[in-house]
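Please look over the model below before reading on.

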Protein chains: 2
Amino acid sequence: MKFDDKVPIYYQIKQHVYHEMMTGALQPGAKLPAVRQLALDLTVNVNTVQRALSELIAEGTLVSQRGKGNFVTSDQELIARLKETLIMTQLAVAYDQLHGLNMSDDEIITSMQRYIKQREVQTDDSIND
Amino acid sequence: MKFDDKVPIYYQIKQHVYHEMMTGALQPGAKLPAVRQLALDLTVNVNTVQRALSELIAEGTLVSQRGKGNFVTSDQELIARLKETLIMTQLAVAYDQLHGLNMSDDEIITSMQRYIKQREVQTDDSIND
DNA sequence: CCTAGTGTTATATTTATCTATTACAATATA
DNA sequence: TATATTGTAATAGATAAATATAACACTAGG
């Protein structure tokens, strides 16, 4: 995994877990890889992984069972709320950033549409996502 | 100015300058406030301001004149290219983030439209931008 | 009971960032 | 020619983040 060196790694790992939960790669109740394995996969120190997971555990997104492993919560209600929050937060961030570049509401929509169209063209010869 | 404690301050100051150039608050050739004044305004150290400006100077966005001040480049061509780059970068970031939350291209557009509509309602009793 | 695998915690070291402070270099102006 | 204002640079100290390493705590399985 590639990290943005402008943002703490532990924070990016948190986002990574959210991401996998949203895409379904991590289902409710699913067992995560062992922390030492995650550290290897992400090419990062165990303590850094642990810091990210600790925060996710503290907020209830993950459940830790000493000696067994870390698991995604089975509380579907909590996951649904989390998803809503993540989406709304990202929409707000995206809007603010574009609006901050002096784009009007209409320009934001149309330029995003244009970007997506152009992106489809650039990838139409591959079988990418 | 409020800073995100997850991102280096000097980096956020760079973005702040870009922002002001895009909105027209900083026109081509315009003189910036003195570095010591900027430090006061932003409530940060002079060295932190200097680090941000140094990078902007190195890339040609700003021009420094020792004893006189720092100025926005008068190279309109460079500014136009910068604007294009900033917008395309932000569109890509926004798209990737939302797409990463498992949203389809259509969902990205429609949810952004919904977000903007809802935002208008929430602010329709004020004279905010 | 022992061992392997799991999460958890602690210490020390390194690096990046930010700060405070001081000094130097160039320009404008009184 | 002074003096103030500007950008620039250097030093030293504080803090946060990440690392390497080691140890501890719990669980499962032979």
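What follows takes these topics in turn.

This is a predicted model, in which local features need pLDDT of at least 70 and side-chain atom pairs count only at pLDDT 80 or more, while totals for chains, interfaces and linings use all residues. Residues are numbered from 1 along each chain as its sequence is written, chains are lettered from A and ligands numbered from 1 in the order in which they are written, and side-chain values use heavy atoms, with hydrogens and water left out.

Begin with helix α2 of chain B, residues 35–42, whose buried residues are B:V35, B:L38, B:A39 and B:L42. They lie on the same side of α2(B), because they cover an arc of only 105 degrees around the axis; the arc is that of the directions from the helix axis to the C-beta atoms. An α-helix has 3.6 residues a turn, so residues three or four places apart point the same way. Buried means under 20% relative accessible area, exposed over 50%, and partly exposed in between (1.4 Å probe, protein chains only). Helices (H or I, at least four residues) and strands (E, at least two) are DSSP runs, numbered from the N terminus. The cover over the buried residues of α2(B) includes α1 (9–23), α3 (46–58) and β2 (69–72) of chain B, where contact means heavy atoms within 4.5 Å. On the face turned away from the buried side are the exposed residues B:R36 and B:L40. After α2(B) comes B:T43, with a positive phi near 55 degrees.

Turn next to the two chains. Chain B and chain A each bring 36 residues to their contact. The area buried between them is about 3400 Å², with 73% given by carbon and sulfur atoms; buried area is the accessible area (1.4 Å probe) that two parts lose on being put together, summed over both. B:K6, B:L91 and B:L101 supply 19% of the area that chain B buries against chain A, more than any other three residues.

There are zero salt bridges between chain B and chain A, a salt bridge being a side-chain nitrogen of Lys or Arg within 4 Å of a carboxyl oxygen of Asp or Glu. Over all chains, the structure holds seven. One of them joins A:E55 and A:K14 (2.9 Å, N to O). This pair links distant parts of the chain, A:E55 in α3 and A:K14 in α1 of chain A, 41 residues apart. A:K14 is buried, at 10% relative accessible area, whereas A:E55 is partly exposed at 29% relative accessibility. In chain B, a network of salt bridges links B:K14, B:R51 and B:E55.
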